[in-house]
Amino acid sequence: MLPLLQLGALPSLPAILVGLLAIAVVLLVGRLVMKVAWRLVIIAIIAVAVLWILGLLGFQVI
């Protein structure tokens, strides 16, 4: 208990609630951004694979 007292006063409950809400918002936005990022990565993989296969078949695409 002594180390806890050395940290100083704990923040009030409304401050903790606001902090937790801020973390929740950041996680929610991050989740949406990652959803879009995964779709872009999958599209890029498909595009590169198609270009590679066309190159193997002899088509000059790039």
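**Surface patch and helical architecture of the predicted model**

A nonpolar surface patch is formed by M34, W38, V41, I42, I45, I46 and V50, which together account for about 710 Å² of accessible area. Patch members have over 30% relative accessible area and no salt bridge, with like charges joined within 9 Å and nonpolar side chains (Val, Leu, Ile, Met, Phe, Trp, Tyr) within 5 Å; a salt bridge is a side-chain nitrogen of Lys or Arg within 4 Å of a carboxyl oxygen of Asp or Glu. Areas follow the Shrake-Rupley method with a 1.4 Å probe, and for residues only the protein chains shown count as cover. The model is predicted: local features need pLDDT of at least 70 and side-chain atom pairs pLDDT 80 or more, whereas totals for chains, interfaces and linings use all residues. Residues are numbered from 1 along each chain as its sequence is written, and side-chain values use heavy atoms, without hydrogens and water.

M34 lies in helix α2 (residues 13-56) and counts as partly exposed because its relative accessibility is 46% (buried, under 20%; exposed, over 50%; partly exposed, in between). Of the 62 residues in the protein chain, 0% are buried. The chain exposes about 5900 Å², of which carbon and sulfur atoms supply 82%.

The protein chain contains 2 helices and 0 strands, taken as DSSP runs (helices, H or I, at least four residues; strands, E, at least two) numbered from the N terminus. G58, which follows α2, has a positive phi near 100°.

Definitions and conventions
Buried < 20%, exposed > 50% of the residue type's maximum accessible area, 1.4 Å probe, protein only.
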